[in-house]
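Hi everyone, thanks for making time this morning. I'd like to walk you through one structure, a few places at a time, so please have it open as I talk.

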Amino acid sequence: MLLLVSGVGRGGLGFLAMKRACLHSRSSHLLPQSLEYRPIKKVMVANRGEIAIRVFRACTELGIRTVAVYSEQDRGQMHRQKADEAYLIGKGLLPVAAYLHIPDIIRVAKENNVDAIHPGYGFLSERSDFAQACADAGVRFIGPSPETVRKMGDKVEARSLAISAGVPVVPGTDGPIASLEEARLFAETYGFPIIFKAAYGGGGRGMRVVKEYEELEENYQRAYSEALTAFGNGALFVEKFIERPRHIEVQILGDKYGNVIHLFERDCSIQRRHQKVVEIAPAADLDPNLRDRLTSDSVKLAKQVGYENAGTVEFLVDKHGKHYFIEVNSRLQVEHTVTEEVTDVDLVHAQLRVCEGRSLSELGLIQEQIRVNGCAIQCRVTTEDPARGFQPDTGRLEVFRSGEGMGIRLDSASAFPGAVISPHYDSLLVKVIASGKDMATAAAKMHRALSEFRVRGVKTNIPFLQNVLSNSQFLQSTVDTQFIDENQDLFIMKPVQNRAQKLLHYLGHVMVNGPTTPIPVKAKPSSIDPVVPTVPMGEPPLGFRDVLLREGPEGFAKAVRAHPGLLLMDTTFRDAHQSLLATRVRTQDLKKIAPYVSHNFSNLFSLENWGGATFDVAMRFLYECPWKRLQELRSLVPNVPFQMLLRGANAVGYTNYPDNTVFRFCEVAKENGMDIFRVFDSLNYLPNMLLGMEAAGRAGGVVEAAISYTGDVSDPMRQKYSLEYYVHLADELMKAGTHILCIKDMAGLLKPESSRLLIGALRDRFPDVPIHVHTHDTAGAGVAAMLACAEAGADVVDVAVDSMAGMTSQPSMGAVVACTKGTSLNTGVALEKVYDYSEYWEVTRGLYAPFDCTATMKSGNADVYENEIPGGQYTNLHFQAHSMGLGNKFKQVKKAYAEANKLLGDLIKVTPSSKIVGDLAQFMVQNNLTGKEVEERAEDLSFPLSVVEFLQGHIGVPHGGFPEPFRTKVEIERGKTLNIKALAVGDLNKSGQRGVFFELNGQLRSVLVKDNVAMKEMKFHPKALKSVQGQVGAPMPGKVIGVKVKPGQKVTKGQPLCVLSAMKMETVVNSPLAGVVTVIHVNTDSSLEGDDLIMEITAEE
């Protein structure tokens, strides 16, 4: 019954246990009589992270129950979840000290009937007192005997043993040095450079190279402190430092019967700060005779000390091929994985079996049968920033997606979304091991796997590793320990795009703190309510809409053409307030004045009151229904035709819609009161325009085909958009059946002379077709241009009531009425009625003061003839520049707009093409790029989506085709759609942050966002301001282990100020300038985040 329960609960452990018992009975007679085979039933790993999980997996495969230990800081770590049992150790101790607390570890082992303890690597793995404590407690130590651990852990004794075994060594001290003075004497004898090494541990901790006398004392102190923290013993010894060696190590394995084999070598030469970054098995281009000497010396040394279990003998190989013993690591190495991959030997299985009493031969591990197959490479993916000297980074993993596939092995523990990377432990995130038939194949697989990784929330060394794997020296020749230092191009890393997470952070910030774009002015809405002029009683007089309803679109067009004077379209109800007030005018303010317009301006050609940004703003900001607006205005103005903008195949949106959507939209618009459809395309792309024209015509509306104008037909030097271009396009639109021809001059580029040329040519070509002209008054020449158009044959021009005219809006209605009065172009509009109409809007405009362009813009500007920015966009860009504190850079924005336009091939700039040019311009300003730099770096830049989609042809084909070679250089990404769903905003944490949860492409994502309101009520350590000279900030998260100065003390530039410890490495923070220490904001044991203020220094006069 017990076996059955165990089997169910442990996924088949009962069966494995019975199988192991059977194997024991079959093989026990083979063991020497002096030793007993003792199966292990329960293993504790006195370690954390990926090595703990690695051992747990091996134990589970062998049917052994597993026990994890964890510190208080590791409560959420994966290794405690992977074990069958997990227990807290070191309560109240520092994070590292918990894993070094031998009595607590032994107590947990004894209380829970642990048979054996695996030490992993680091921490207690090379502590002989720990191995002895295990033996004293009756718990087996999975590793060498305590005496062997002592001998090998004592670097000086290990060196002595190597000498007695005839293994060459590097010149060094005979024992641990007792003082700095002994280090000085050694340096004087052997010369610099020298190297300090921890006498009782490895892994790069307690290791410091000293190249000159001035560095001696500081490096001695740092090496001693690191060794003490990492291994519990700060003893050091000194060696002559061999420059430019290869670091080659040999994997050995011994049993309890004196048998020792090697599993060949690994090349660990690619290092930073004496810690391995990339490991390779076997070593490339290693002379066979040298390989034989290395492996032979390793086995010889191991046999001399009676070595059992797994270990590594490490050597330096100089440029002449001579090898020098440096140390034995009496434990499993981080890089044991590559040996396993090329020899097909599971080293952890072997460790467990040897500890049980198996001989190597029983395990099938015979030297002659060990073969190397192919090549394996291991990359240590760490949470370090190579661009900042491999400084450790900490934080929360917002996103983790690994690279996998054939030939890839991953050993990890903390690599999952939501994992917290603390500053207390090693920065290793995941070990990636790639295997292939040769080094080139393995490197290719590794590069591919790393490119699949997505890690967000902390910096990693992945871009650096990719550079290493692409380096020709790495791929084609041998490398030494100076490889990283001598290849600074490895630090030129391709920026991580991180688009999705940046977007989620932005959305999360808005959800927690609200919109961030500030209003650049303090203007408040006026308190004065507008007064509506007196409206006559009764029905309004007949107007042109009555003609339309009676005679249809064709008869309407004939009536317009036959009209003797100049007709006006009033844009006050839409484009005027779009240009001046960000389209913010509410329906209620339009409804108040609508009856007055109906009674007093019945002879208007039309009222433009719908389409374009109406939909966008009504729904996003005003929370109004644009359809209801149309219906209500129609009931109040039954006699004047309504006109709207239809962006061809885009309808009233910013992208192409299905044809049936556009057709149905036009039908419903006509049913709800729309009369005239001004159809245009931002590129004058005929297929898009024809669709809109057909949809409007089939709905029964008046089709007004609009040609978007740019350039200058009066300038013979600008011939891309020549007079012939416009006349030819008009020909095509006439063939398509337009009722009215329109010139849509969105930037206000028409000058009087170009107006006469263009309108004159169209009138000559099409004498019977009404011509309608739209412009903006940005340069201040709008009235003159419209009068010139009228004189040349235009039937209708666009105007806005005086108080809503000028600048980026349309020309003044009153000015055009006054200038044509008493002429053949008389508009028939009563000037005094314009005054009353204007007065209403002047007061109404005050209600929208926070959105009024005059808050930041005091006049128009003739530079529009150079930058060609459309009126509404000119206002928006100006407003945005001031909102972002870049008002003084608006000239730069306009210049960038002109350059962006040229890069994109000199486009016609109307929504949405104008937005594309604007997006590129702002991208250039934000990244300090010139047009030339954008073109040169196009292959490497991450352009705004609108620019990429334009180059993909999403909005049509521009006149003259797409710009080359710019288009070819830009990465045209397809299928990069992000589907985002906001789920929830979490509670406030102790750091003043809230978790915001999303669903991104079906997967759960979360980001931490600071709550700005809550932060004001919470106290935090101040941050160093980079703009303030003398403020010294923490270069990385960590703990202060020493402050070396006092307030009032004079310091020199480069003088050590304090020492930080993070991830078991120490960093000295030096003074950035000479001066006097005024304030110290930290003390010993202070825990800091990156950029936390350490101290303030006043510069010397």
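Let's begin with what lines the largest cavity: by class, five nonpolar, four polar and four charged residues. The space inside comes to about 100 Å³. Do keep in mind that this is a predicted model. How many cavities of 30 Å³ or more are there? The count is seven.

The second largest cavity holds about 60 Å³. Its lining is made up of five nonpolar, two polar and two charged residues. If you want to find it on your screen, look for Arg246, Asp267, Ile280, Ala284, Met439, Phe474, Ser477, Thr478 and Val479, which line it.

Now please go to Lys744. This one comes with a note from a record: UniProt, in an unreviewed entry, places the feature "modified residue: N6-carboxylysine" at Lys744. As with any such annotation, it may be inferred rather than shown by experiment. Where does Lys744 lie? It is in strand β28, which covers residues 740-744. Is Lys744 buried or exposed? Its relative accessible area is 1%, and since buried means under 20%, Lys744 counts as buried. As for what surrounds it, leaving aside residues up to four places away in sequence, Lys744 touches Leu645, Phe680, Ala706, Ile707, Ser708, Tyr709, His774 and Val910.

The bridge partner of His772 in β30 is Val796.

What about the side chains of β30 itself? Strand β30 spans residues 796-799, with Val796 and Asp798 pointing one way and Val797 and Val799 the other way. Which of these are buried? All of them, and that includes Asp798.

For contrast, let's visit Met406. You'll find Met406 in the loop between β18 (399-401) and β19 (408-412). Met406 has a relative accessible area of 70%, so it is exposed, given that the cut-off for exposed is over 50%. Even so, it has partners: not counting residues up to four places away in sequence, Met406 touches Lys445 and Arg448. Ser435 is 29 residues from Met406 in sequence, and their C-alpha atoms are 8.7 Å apart in space.

Last stop: an open sheet of five strands. The order is β3-β2-β1-β4-β5, and the pairing is parallel. Which strands stand at the edges? They are β3 (85-88) and β5 (140-141); each has a single partner strand, so one side of each is left without a neighbour in the sheet. The partner of β3 is β2, residues 65-70, and the two pair in the parallel sense over four bridges. To see one of the contacts in that pairing, click on Val69, whose bridge partner in β3 is Tyr87.

That's my tour, and I'm happy to go back to any of these places on the screen.

Note on methods: Residues are numbered from 1 along each chain as its sequence is written. This is a predicted model: local features need pLDDT of at least 70, side-chain atom pairs count only at pLDDT 80 or more; totals for chains, interfaces and linings use all residues. Side-chain values use heavy atoms; hydrogens and water are left out. On a 1 Å grid over the protein atoms alone, a cavity is a set of points where a 1.4 Å probe fits but cannot get out, and a pocket is an open set with protein on both sides within 12 Å along at least five of seven lines; lining residues have an atom within 4 Å of a point. Grid points are joined across faces, edges and corners, and a volume is the space filled by probe spheres set on the points. Ala, Val, Leu, Ile, Met, Phe, Trp, Tyr, Cys and Pro count as nonpolar, Asp, Glu, Lys and Arg as charged, and the others, Gly among them, as polar. Two strands pair if DSSP finds at least two bridges between them. Buried means under 20% relative accessible area, exposed over 50%, partly exposed in between (1.4 Å probe, protein chains only). Contact means heavy atoms within 4.5 Å.
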